[in-house]
Amino acid sequence: MRRLRTLLGLCLLLALPGPAEAQSPVPRVVEESFQRDPGPLDFIRGEGLEQFILQALAGDALVGLDVQGRPVPRLATSWTIHGHALRFRLRKDARFTDGRPVRPEDAAWTLRAIQATREASPTKRAILANVTVSLAGGDVVLDGPKPAARLLVELARVPVAREGAPGVGSGPFAPARKGTTWTLAARDHFLQPRIAGFRFRLLADDLGVLEALQKGWLHVGVPPARRDLRPPPGLHEVHQAMHAQAVLWSRRKGVLPWMARWREDAFPQGFLGGRVRPSRGLWPETLGHPPMRPTAPLGARPARLEVHYPALDDMVQKALMALRARAARDGVEIEPRPVETALFYAQLGERRFETACTVVLFDPHPWAVLDYVEPEAPMNLTGWTHPRLPTWLARLETPEAPAWRELQEAWAADPGALPLLDLTSLTWVDDRLEVQPSPLGLYFTTPGPCGWRWLR
Amino acid sequence: MNGRVQGLAVWAAALAVARWLPGALWKPLPPPPFPWEALVPSGLAVGLLTLLALVLARAWGPAATRSTLLRLWEAVPDPLWGVAILALRPASWGPPGVGAWTAALLVATLPGEVRWLAQALPAEHPFPAAWGRALSAPWRSGALRRLAPDWLAARLPLWLTATLVLERLLNVRGLGSDWAARVEVRDRDGLSLWVLALAGLWLLASPRGRSAR
């Protein structure tokens with residue numbers, strides 16, 4: 001009888017629910033959020049961060065980038081470089097989400113459609129400007145004025161669509177949209193995704209994201225930038241150095257050397273919750289550029305400076321307020337002036353500003369900084385030029401080319417722009433989820449999300 | 001008729017602003033798809049709001065304007081209702097959706113609409129209040145019937161577009177978010193269609209022959 005009671009007690013004990021950890025099963029799908037509607041999946045016209053995340057999950061580019069930003073095979077198993085020409089050999093086992101095999105003709109069609117469509121993504125059109133696309137012996141051949149090494153890295157941002165169907169990709173996750181929710185289900189793919197998929201909900205508000213993270217409704221999310229905010233139990237922080245900076249331009253002579261002096265001690269330790277650190281050089285060090293100091297001498301001290309910035313950009317606003325406090329110690333009054341975002345960029349485009357500050361996200365390669373110096377480039381807002389610029393540009397074939405040093409010295413002597421802060425991304429991630437951080441973000445590397453896994 | 005001409009002039013000015021809105025993005029974004037799925041919930045929410053506001057205004061009457069309860073209810077900022085619903089929702093229920101948004105919208109906008117109606121109602125003292133409730137209730141109903149089209153014409157565009165904050169907080173892609181997103185990406189064609197649609201609603205809701213009354 002006693003033995004029976006012991007046995008019954010043991011059964012009862014086993015029937016009781018275990019600790020909370022054991023009760024919560026490992027989720028199959030990663031719950032995520034979009035800040036804005038990515039619009040329909042479109043590998044030709046789609047633009048913007050959310051659309052590019054969708055494309056990275058639902059599409060494959062010819063090459064991918066690993067966490068260090070080096071090109072690795074993706075749709076192309078191999079490539080060869082002959083001068084400025086790139087020749088890609090495509091893998092045989094890649095299939096679109098509708099089951100059709102990926103052919104070299106699809107890759108060529110995608111690249112040509114981007115070049116020929118006026119409403120195509122401006123980012124991709126800039127990558128493929130003046131590039132000729134051809135097919136030779138079953139390979140895809142690209143030739144153009146850019147150094148092949150640069151074009152190769154940039155092609156990682158151009159996923160391939162099926163010929164005639166700009167919304168159909170061959171990526172590791174099959175997309176579907178229902179109302180305001182995007183689901184991406186893992187499929188049979190050569191990268192062999194290890195998670196079941198994603199569910200992205202539209203959560204435009206920082207506070208909404210924070211609440212959803214705290215209640216366990218999201219497994220991955222970016223919390224608001226607050227100094228003392230800590231992840232709740234079950235989530236941990238993931239820091240990623242980014243190829244992004246808060247940059248200042250001034251069309252007024254002699255302002256940037258003063259700004260360079262003030263930025264050295266304007267930002268206190270732990271500024272913006274550790275998401276930023278003061279920039280040391282002129283070009284992003286994450287892209288492999290050395291920390292350069294402006295060598296231009298300090299000129300006459302300006303009495304007052306009006307700095308325009310995009311309204312609602314809290315980070316830039318706080319940075320300018322810190323800079324203002326520092327400049328005041330030298331008797332200079334900085335007046336930060338918020339301008340509605342589209343009006344601000346219209347002012348930049350038409351060069352109607354005196355001093356302006358905004359966040360810049362660089363492409364993941366050293367040549368990205370040429371947007372500062374090339375004539376008519378989008379970030380050459382002050383008309384920067386140099387008599388020897390064409391010579392240097394022609395000699396920047398590799399990231400190690402000696403011409404880089406000469407160009408850097410010329411830029412340091414008279415910079416056209418000055419970075420204030422280097423940005424770090426801070427993401428909260430579920431403790432049970434293993435992700436792969438990188439300066440490119442969580443989604444834009446290879447294998448990227450296919451390498452994520454749930455920990456048991 | 002004058003009122004209608006003035007109203008149309010305002011809508012024409014709004015159309016001109018939408019058409020020639022200045023500004024550009026550094027990298028142009030395509031306009032977002034229109035949230036067709038939000039039309040029915042928005043219509044239902046506005047219908048419910050209309051009904052509840054009229055019922056409350058009829059029950060409360062002009063006295064609502066002096067009510068402390070209404071003043072307290074109105075004092076709470078709209079986003080706080082959204083935050084409260086979000087915070088009080090149990091985690092196990094999952095993320096909020098259209099139902100929570102409708103509740104937040106009703107609780108946030110009802111007091112303002114009841115006040116609008118109550119202030120527009122004709123005074124009831126000394127008459128018809130002196131004749132008793134049996135006569136003052138139909139008097140109030142009649143006044144509300146005449147007031148409702150004006151009220152709808154004045155407030156409908158506001159309800160349809162001013163729910164942006166609650167939509168952002170509560171994860172609902174609605175008409176307010178659509179309007180704001182089009183302003184952000186400078187979708188001038190989409191904004192013009194919005195203004196035309198709102199002008200059409202205003203024309204439908206505004207009473208005809210106002211000058212004859």
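Reader: What should the 15 residues of helix 9 of chain A span at 1.5 Å a residue, and how far apart are its end C-alpha atoms?

Author: In this predicted model, helix 9 of chain A (residues 314-328) should span 21 Å, and its end C-alpha atoms are 21 Å apart, so the two values agree.

Reader: Which residues of helix 9 of chain A are buried?

Author: The general idea comes first. An α-helix has 3.6 residues a turn, so residues three or four places apart point the same way. In helix 9 of chain A the buried residues are A:Val316, A:Ala319, A:Leu320, A:Ala322, A:Leu323 and A:Ala327. They lie on the same side of helix 9 of chain A because they cover an arc of only 160° around the axis.

Reader: What do these buried residues pack against, and which exposed residues does the face turned away carry?

Author: Their partners in chain A include helix 8 (255-266), strand 14 (304-310) and strand 15 (333-339). The face turned away from the buried side carries the exposed A:Asp314, A:Met321 and A:Ala328.

Reader: Is helix 1 of chain B largely buried or in the open?

Author: Of its 18 residues, the number buried is 1, so helix 1 of chain B lies largely in the open. Helix 1 of chain B (residues 2-19) reaches 26 Å from its first C-alpha to its last, close to the 26 Å expected.

Reader: At what angle do helix 2 and helix 6 of chain B pack?

Author: Helix 2 (residues 39-60) and helix 6 (residues 133-161) of chain B pack at about 145°, with their axes 11 Å apart. The crossing is right-handed. Among the residues that meet are B:Val46 and B:Leu49 in helix 2 of chain B, and B:Leu144 and B:Ala148 in helix 6 of chain B. The contact residues divide into 8 nonpolar, 2 polar and 2 charged.

Terms used:
Residues numbered from 1 in each chain as written. Chains lettered and ligands numbered in written order. Predicted model: local features only at pLDDT ≥ 70, side-chain atom pairs only at ≥ 80, totals over all residues. Helix = DSSP H or I, 4+ residues; strand = E, 2+ residues; numbered from the N terminus. Expected span 1.5 Å × (residues − 1). Buried ≥ 20, exposed ≤ 12 C-beta atoms within 10 Å, placed from the backbone. Arc of directions from axis to C-beta. Contact = placed C-beta atoms within 7 Å. Axes fitted to C-alpha atoms, helices over the stretch in contact; angles between N-to-C directions. Left-handed = near helix turned anticlockwise from the far one by under 90°. Nonpolar A, V, L, I, M, F, W, Y, C, P; charged D, E, K, R; others polar.
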